[in-house]
Amino acid sequence: MSGTNNDIVITGIAAISAGGVGIGQLRETLKQGKCMLTPVPEDILGERGHLWGKAGDFRVGDFMPPLKARKLDRCSIFATVTAGMALKDAGIERDAVIPERVGIALGCGFGGIANSEEFLRGYFLKSTDGLIPMLFPNTVPNAPASNASIEHGFKGPNVTQVQRFCSAESAFLMACRFLEEGRADIMLTGGADDLTPIMIHGFKSLRQLRSHATGFGEGSGILVLERREHALRRGAAIRGSVGEIRTTGFLMPGREAEGIARLKGNANPDIVSLSGTAAELPHIPEIPADIPRLDVGKLVGRSLAMGGVAMVALLLTLPDGKRALHLGVSPEGPYFAIDFFGGPSVQS
Amino acid sequence: MTGKIAITGIGIFCAAGKERVSFTESLLTSKCAIGPVDLFDVSPFPAQIAAQVRDFDPLDHFDRKTAGRLMRADQFALIAAGEALEMSGVRGHYGPYDIGVSTGAGAAGMYQGELWLEGVVKGKKSHPSLLRGILPDRTATAIAGQFGLCGYQGSITTACSSSATAIGWGADLIATGRLSACLCGGTDALSLLTFAGFNSLKVVDPEPCSPFSIGRQGISLGEGAAFLVLENEAQALNRGARVYGYIAGYAIAGESYHMTAPEPTGQESARVIRCALENSGITPDQVGWVNAHGTGTPLNDVVESKAMRLVFGDRAGSVPLVSTKAMTGHCLGAAGAIEIVATALALNAGVIPSTLNFRGKDPECDLDYNHGGVKKSDVSVAISNSFAFGGNTTSIVISR
């Protein structure tokens with residue numbers, strides 16, 4: 001499945017992760033190539049030897065008052081703060097846009113899990129006396145995108161996708177479609193995830209800590225997308241543009257090559273971004289080995305929606321006029337291949 | 001949306017009917033499926049009823065190994081998806097990479113996840129397989145693998161509007177030419193999380209929910225799954241498929257107002273309905289009735305009634321606003337899909353369903369809610385509304 005976008009550009013980016021708060025710190029992490037994963041505290045699992053990518057430098061008090069923060073779950077805080085930073089990076093003032101023309105399509109793998117656990121834990125320990133009603137609204141996976149929309153006043157298309165390690169890429173596809181169709185003028189997209197001790201327990205229980213859940217991370221990466229004409233009309237700085245988006249949902253046993261072939265673009269990229277389990281994909285589309293790879297998950301941790309941070313990192317490192325391929329992969333699908341072009345120039 | 005998006009397959013599995021025929025019968029005979037719950041202990045809660053799928057043995061549908069791998073919500077989904085695919089006959093007409101899956105999900109495998117968590121909290125041994133489907137994306141993967149639908153795999157998770165949006169998005173994937181066919185819909189299962197959650201918010205009616213009635217106290221929860229097969233009309237007719245209706249258009253929006261309360265004037269709900277009509281190229285005058293979000297909460301029903309007045313003006317009183325949730329319960333992540341299926345089946349049957357469990361007229365709900373019983377109707381266009389936590393709103397226009 002593939003499709004060409006109608007000249008969609010990226011005008012803002014922001015990220016919070018183990019790699020730091022904001023794109024300045026992420027750029028520095030990428031430049032140094034430094035792994036920011038830290039040991040999972042021994043008291044969580046009762047054993048050593050596991051790493052995670054906690055956004056340890058993030059202090060919610062730097063961004064919102066305690067009363068507001070108490071109403072939100074950590075994942076919603078990531079999304080809300082990152083969305084604000086991305087809008088600022090794009091030079092978008094709340095009062096200068098039509099709220100109904102600004103939307104959000106966010107990938108979120110574990111949104112709502114933290115509140116669900118706390119809510120249910122209260123019930124299991126104290127029956128109905130242990131229930132805390134204010135936790136319940138933020139047990140839904142769309143809480144991060146919806147809380148961000150409430151905070152920043154977006155009234156356009158509002159959607160959350162979860163699809164394995166490609167949750168952010170799935171949302172990205174929707175955001176582009178909504179712009180192409182004219183359902184919105186500005187779409188925020190990317191992903192947000194948080195990481196809690198109970199999730200680590202769950203990964204251990206499923207014996208995933210030595211496989212797909214190795215070095216899991218948390219954070220949020222958000223991109224501001226617009227149609228080029230809209231961005232130019234408001235005088236926005238263009239960081240890059242989106243090319244073709246190709247996706248395959250599932251590789252049919254015995255016919256894997258056919259599905260992989262649908263991910264292949266029409267030209268070799270100058271850089272390849274790997275997200276999810278793309279680095280482990282046995283059938284990776286044929287890309288010459290000398291093309292540089294950017295695997296930000298190795299530095300800050302991967303998660304179901306960390307494709308958002310990966311795409312932000314890619315935009316940070318992609319020189320003007322260069323072509324990039326972002327590959328998002330999950331073990332049982334889906335598979336995404338997204339072409340990006342650096343800088344403001346129009347791509348043929 | 002360019003080109004007509006045809007519905008060529010319909011599948012449903014819920015308390016009101018475990019396949020299309022029995023569900024249609026419930027719709028035509030106004031049979032309420034809300035009753036006692038025995039899936040888990042509901043005795044601590046003030047409201048103890050729901051539209052639970054009763055007498056369900058997964059081994060009637062799956063072998064033991066397959067059943068053990070699937071969460072309850074996945075099982076419902078595979079059954080409904082199988083029915084929709086069989087009705088459409090779509091497989092074999094397109095390559096596997098030309099057919100995709102767009103699923104809307106809610107609590108998903110939370111019911112089993114809760115059993116795992118309870119064990120952890122109480123220091124008992126919990127089997128890890130209970131966590132396999134804790135995330136809502138598991139269903140789409142299970143469907144893709146089971147039926148060999150390889151073109152696209154995606155899951156929308158916008159609470160109660162998830163599956164309506166998944167169907168709208170499925171239509172988009174056809175309209176853009178990215179897919180030749182899309183199996184789209186949603187599934188959800190009852191869970192302690194949602195049962196306790198809505199009870200803690202005091203929005204569950206102890207009696208079967210009575211949308212738009214005086215004295216209503218809130219929702220009745222439900223569970224189930226519903227799926228449609230969508231195709232481009234010309235392609236569908238070319239392969240000899242029967243067309244059961246159309247997804248004429250849709251709209252989604254965020255109210256940007258409150259996580260749980262609807263914007264009180266109805267302006268935001270009205271906006272998404274108008275956008276859906278605009279996207280469809282259909283005028284309000286062409287709409288015969290509306291399948292309401294209609295949860296039965298005191299506030300939601302009033303706001304949706306206000307939205308109807310804003311969209312339909314003087315005609316609002318003659319466009320029935322019907323809630324099929326009084327029959328199916330509020331199936332959360334599956335609600336939109338179940339209601340879109342109900343709407344498509346009713347349009348095909350030439351009827352407008354009734355809003356059940358009427359308790360008396362509410363002066364704040366002064367429209368036609370078809371409380372009196374199923375009506376015959378030859379209208380060809382209806383709307384289905386789905387409004388969710390977070391202010392996520394979706395309206396879909398369905399025609400026959």
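User: How are α7(A) and α12(A) oriented to each other, roughly parallel or roughly perpendicular?

Analyst: Please bear in mind that this is a predicted model. Angles from 65 to 115 degrees count as roughly perpendicular. Here helix α7 (residues 167-180) of chain A packs against α12(A) at an angle of about 70°, the axes being 7 Å apart; the two helices are therefore roughly perpendicular to each other.

User: Which residues meet where α7(A) packs on α12(A)?

Analyst: From α7(A) come S167(A), A168(A) and E169(A), and they meet G307(A), G308(A) and M311(A) of α12(A). By class, this contact comprises two nonpolar, three polar and one charged residues.

User: At what angle do the axes of helix α1 and helix α12 of chain A cross?

Analyst: The axes of α1 (residues 23-32) and α12 (residues 307-317) of chain A cross at roughly 75° and come within 10 Å. These helices are therefore also roughly perpendicular to each other. On the α1(A) side, I23(A), L26(A), R27(A) and L30(A) meet V312(A), A313(A), L316(A) and T317(A) of α12(A). That contact has six nonpolar, one polar and one charged residues.

User: Turning to chain B, how many residues of α9(B) are buried?

Analyst: A residue is buried if 20 or more other C-beta atoms lie within 10 Å of its own. In α9(B), eleven of the 14 residues are buried, including V272(B), I273(B) and L277(B). Among the elements covering them are β9 (245-254) and α10 (298-312) of chain B.

Conventions:
Residues are numbered from 1 along each chain as its sequence is written. Chains are lettered from A and ligands numbered from 1 in the order in which they are written. This is a predicted model: local features need pLDDT of at least 70, side-chain atom pairs count only at pLDDT 80 or more; totals for chains, interfaces and linings use all residues. Axes are lines fitted to C-alpha atoms, for helices over the stretch in contact, and angles run from 0 to 180 degrees between N-to-C directions. Helices (H or I, at least four residues) and strands (E, at least two) are DSSP runs, numbered from the N terminus. Angles under 35 degrees count as roughly parallel, over 145 as roughly antiparallel, 65 to 115 as roughly perpendicular and the rest as oblique. Two residues are in contact if their C-beta atoms, placed from the backbone, lie within 7 Å. Ala, Val, Leu, Ile, Met, Phe, Trp, Tyr, Cys and Pro count as nonpolar, Asp, Glu, Lys and Arg as charged, and the others, Gly among them, as polar. A residue is buried if 20 or more other C-beta atoms lie within 10 Å of its own, exposed if 12 or fewer, and partly exposed in between; C-beta atoms are placed from the backbone.
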